[in-house]
Amino acid sequence: MGGIVYHTNYIKYCERARSEKFFKAGIKLGEGDCHFVVKDINAHFLAPARLGDLLHVSTNVLTCKKVSCVVRHEIHCENKKLFWADITLAHVCDGKLAKIDAQALEFLMSEEKVVSSSLE
């Protein structure tokens, strides 16, 4: 309790922001037997969010390959960075690694950016 946001909620916020980015681009996630799964999370907790804080979550694609991508999420409250994470997503169809479909790959590559890795 203590009035601070529980650490796993940061990952949930990132998931929601990432999904929203796909939905806004018209890319449907989880249709059929193909979807993205989290392979790796490199998370950095810099400062706590407090219950009631208005948080901003940004999502940027760092790299994109044929079957995976790395997404950088940052969570800010006002002008203060509270959290950042690089999340590796693997594309899976029928339980096996598979090439990302053309529409999603084009979107991911168009979103690809170079983002610094500062630990502020």
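This is a predicted model: local features need pLDDT of at least 70, side-chain atom pairs count only at pLDDT 80 or more; totals for chains, interfaces and linings use all residues.

Reader: How many salt bridges does a search of the whole structure find?

Author: The search finds three salt bridges.

Reader: Why is the contact between Arg-18 and Glu-15 called a salt bridge?

Author: The closest N and O atoms of Arg-18 and Glu-15 are 2.3 Å apart. A salt bridge requires a side-chain nitrogen of Lys or Arg within 4 Å of a carboxyl oxygen of Asp or Glu, so the pair qualifies. Both residues belong to helix α1 (residues 7-24), where they are three residues apart, about one turn of the helix.

Reader: What makes Arg-18 buried, and what makes Glu-15 partly exposed?

Author: Arg-18 has a relative accessible area of 6%; buried means under 20%, and therefore Arg-18 is buried. Glu-15 has 38% relative accessibility, which lies between 20% and 50%, so Glu-15 counts as partly exposed.

Reader: How do you know that Arg-72 and Asp-86 form a salt bridge?

Author: Their closest N and O atoms are 2.3 Å apart, and because the limit is 4 Å, the pair meets the definition. This pair links distant parts of the chain, with Arg-72 in strand β3 (residues 68-77) and Asp-86 in strand β4 (residues 80-93), 14 residues apart. Both Arg-72 and Asp-86 are buried.

Reader: Why do Lys-81 and Glu-74 count as a salt bridge?

Author: The N to O distance between their side chains is 3.5 Å, which is within 4 Å, so the pair is a salt bridge. Lys-81 has a relative accessible area of 10% and Glu-74 has 13% relative accessibility. Each value is under 20%, so Lys-81 and Glu-74 are buried.

Reader: Why is the link between Cys-34 and Cys-93 called a disulfide?

Author: The S to S distance between Cys-34 and Cys-93 is 2.0 Å; the cut-off is 2.5 Å, so the pair is a disulfide. The link is right-handed, with 115 degrees about the S-S bond. Because Cys-34 lies in strand β1 (residues 34-45) and Cys-93 in strand β4, the pair ties together parts that are 59 residues apart in sequence.

Reader: Is Cys-93 buried or exposed?

Author: Cys-93 has a relative accessible area of 17%, which is under 20%, so Cys-93 is buried.

Reader: What is the distance from Cys-69 to the nearest cysteine sulfur?

Author: The nearest cysteine sulfur, that of Cys-64, is 5.3 Å away. A disulfide requires sulfur atoms within 2.5 Å, and therefore Cys-69 is in no disulfide.

Notes:
Residues are numbered from 1 along each chain as its sequence is written. Side-chain values use heavy atoms; hydrogens and water are left out. Helices (H or I, at least four residues) and strands (E, at least two) are DSSP runs, numbered from the N terminus. Buried means under 20% relative accessible area, exposed over 50%, partly exposed in between (1.4 Å probe, protein chains only).
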